[in-house]
Amino acid sequence: MSWVDIGALEDIPLRGARKVKTRVGCLAVFRTDEDTVFATSNVCPHKQGPLNEGIVHGTRVTCPLHNWVFDLETGEALGADEGRIATYAVRVRDGRILIEDAVLNRAAA
């Protein structure tokens, strides 16, 4: 597996996110208050809310449009909501965020 540098960890505020554009659409990259980083699809399956604008709490994000909550580790919707978001392999090395290059290089569906 090879990895692509997509930016510095410090570019994402604690409990914040950034949008990353790819050939398969936009991803959201989240940073928790413990400096754990997650990458997911950026679109809520409910009303297509931009998840990078959501509220990060623990290892979850709340959609800014209709308050659906997603587990950033599994992508599963929590509570009474049903659905999931795609999750992607991401890691931090030497203060840089790396994402699996297969995610960035897939052909658009």
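Analyst: Contact here means heavy atoms within 4.5 Å. Keep in mind that this is a predicted model.

User: Fine. What is threonine 40 in contact with, leaving aside its neighbours within four places in sequence?
Analyst: Threonine 40 contacts Leu27, Ala28, Phe30, Leu72, Ile85, Ala86, Thr87 and Tyr88.

User: And where is threonine 40 found?
Analyst: In strand β4, which covers residues 37-41.

User: Is threonine 40 buried or exposed?
Analyst: Buried. Threonine 40 has a relative accessible area of 0%, and the cut-off for buried is under 20%.

User: What about threonine 32, buried or exposed?
Analyst: Threonine 32 is buried too, because its relative accessible area is 2% and buried means under 20%. Threonine 32 sits in the loop between β3 (25-31) and β4.

User: Which residues does threonine 32 touch?
Analyst: Leu14, Arg15, Phe38, Val56 and Gly58, not counting residues up to four places away in sequence.

User: Switching to the sheet. What order do the strands have?
Analyst: β2-β3-β4-β8, in an open sheet of 4 strands with antiparallel pairing. The edge strands are β2 (16-22) and β8 (87-88), and each pairs on one side only.

User: How many bridges join β2 to β3?
Analyst: There are 7, and the two strands run antiparallel.

User: Now valine 29. Which strand does it lie in?
Analyst: Valine 29 lies in β3. Valine 29 counts as buried, at 1% relative accessibility.

User: What does valine 29 touch, not counting residues up to four places away in sequence?
Analyst: Ile6, Ile12, Gly16, Ala17, Arg18, Val20, Val37, Phe38, Ala39 and Ile97.

User: How far is valine 29 from isoleucine 99, C-alpha to C-alpha, and what is the separation along the chain?
Analyst: Their C-alpha atoms are separated by 9.6 Å, and the two are 70 residues apart along the chain.

User: Last topic, cores. Which residues touch the most other members of the largest nonpolar core?
Analyst: Phe30, Cys44, Leu51, Val61, Trp68 and Phe70, out of 14 residues in that core. A second, separate core has 13 residues, including Ile12, Leu27, Val37 and Ala39.

User: What does phenylalanine 70 touch?
Analyst: Not counting residues up to four places away in sequence, phenylalanine 70 touches Cys44, Pro45, Leu51, Thr59, Arg60, Val61, Gly75, Glu76, Ala77, Leu78, Arg84 and Ile85.

Notes: Residues numbered from 1 in each chain as written. Predicted model: local features only at pLDDT ≥ 70, side-chain atom pairs only at ≥ 80, totals over all residues. Heavy atoms only, no water. Buried < 20%, exposed > 50% of the residue type's maximum accessible area, 1.4 Å probe, protein only. Pairing = 2+ DSSP bridges. Core = buried A, V, L, I, M, F, W, Y, C linked by side-chain atoms within 4.5 Å.
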